[in-house]
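Please look over the sequence and the model together before reading on. The report below is meant to be read slowly, with the structure in view.

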Amino acid sequence: MQFKDYYQVLGVDKTATADEIKKAYRKLARKYHPDVSKVPDAEKQMKEVNEANEVLSDTEKRAAYDQVGKGYRPGQDFQPPPNWDAGFEFSGGGFSGDN
């Protein structure tokens with residue numbers, strides 16, 4: 001499993017406010033929405049943008065993500081600790097790079 005930097009996916013800093021995350025998400029959603037985008041891999045990009053937004057826009061999920069992701073870089077092998085996501089349901093597969 002590889003670590004995904006959701007902040008990088010949305011193009012925001014780790015200190016981004018909820019409004020900055022929302023604004024970045026909306027901008028990318030317009031760019032990659034499969035119904036309007038001419039980008040060849042728009043559907044895949046949109047899935048990553050949705051996954052990143054789902055985690056970073058939720059205070060509890062973001063806190064868990066930040067805690068688990070400390071010290072990891074995008075693409076680096078990643079093994080979350082047991083039960084790290086207890087109580088959360090990441091519909092996009094959480095930190096998996098193979099969705």
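## The model and its confidence

This is a predicted model, in which local features need pLDDT of at least 70 and side-chain atom pairs count only at pLDDT 80 or more, while totals for chains, interfaces and linings use all residues. Residues are numbered from 1 along each chain as its sequence is written, and side-chain values use heavy atoms, with hydrogens and water left out.

The pLDDT, which is the predictor's confidence in each residue on a scale from 0 to 100, averages 80 over the protein, and 70% of the residues score at least 70. Over residues 91-99 the pLDDT is below 50, although this stretch has 22 contacts in the model beyond near neighbours in sequence, a contact being heavy atoms within 4.5 Å. Where pLDDT is low, the predicted coordinates should not be read in detail.

## Overall make-up

The protein has four helices and zero strands, where helices (H or I, at least four residues) and strands (E, at least two) are DSSP runs numbered from the N terminus.

## The nonpolar core

A nonpolar core is a set of buried Ala, Val, Leu, Ile, Met, Phe, Trp, Tyr and Cys residues joined through side-chain atoms within 4.5 Å. The largest such core has 17 residues, and those touching the most other members are Tyr 6, Leu 10, Val 12, Ile 21, Val 49, Leu 56 and Tyr 65. Two or more core residues come from each of helix 1 (6-10), helix 2 (18-32) and helix 3 (42-56).

In helix 3, the buried residues include Met 46, Val 49 and Leu 56, and also Glu 51 and Asn 53. The buried residues of this helix pack against helix 1, helix 2 and helix 4.

Tyr 65 lies in helix 4 and is buried, with a relative accessible area of 2%. The C-alpha atoms of Tyr 65 and Tyr 6 are separated by 9.1 Å, although the two residues are 59 residues apart along the chain.

Arg 62 also lies in helix 4. Which residues does Arg 62 touch, not counting residues up to four places away in sequence? They are Tyr 7, Lys 14, Thr 15, Ala 16, Ile 21, Val 55 and Leu 56. Arg 62 is buried yet has no salt bridge, and the nearest side chain of opposite charge, Asp 66, is 4.1 Å away. A salt bridge needs a side-chain nitrogen of Lys or Arg within 4 Å of a carboxyl oxygen of Asp or Glu; for charge, Lys and Arg count as positive and Asp and Glu as negative, while His and the chain ends are not counted.

How values were computed: Buried < 20%, exposed > 50% of the residue type's maximum accessible area, 1.4 Å probe, protein only.
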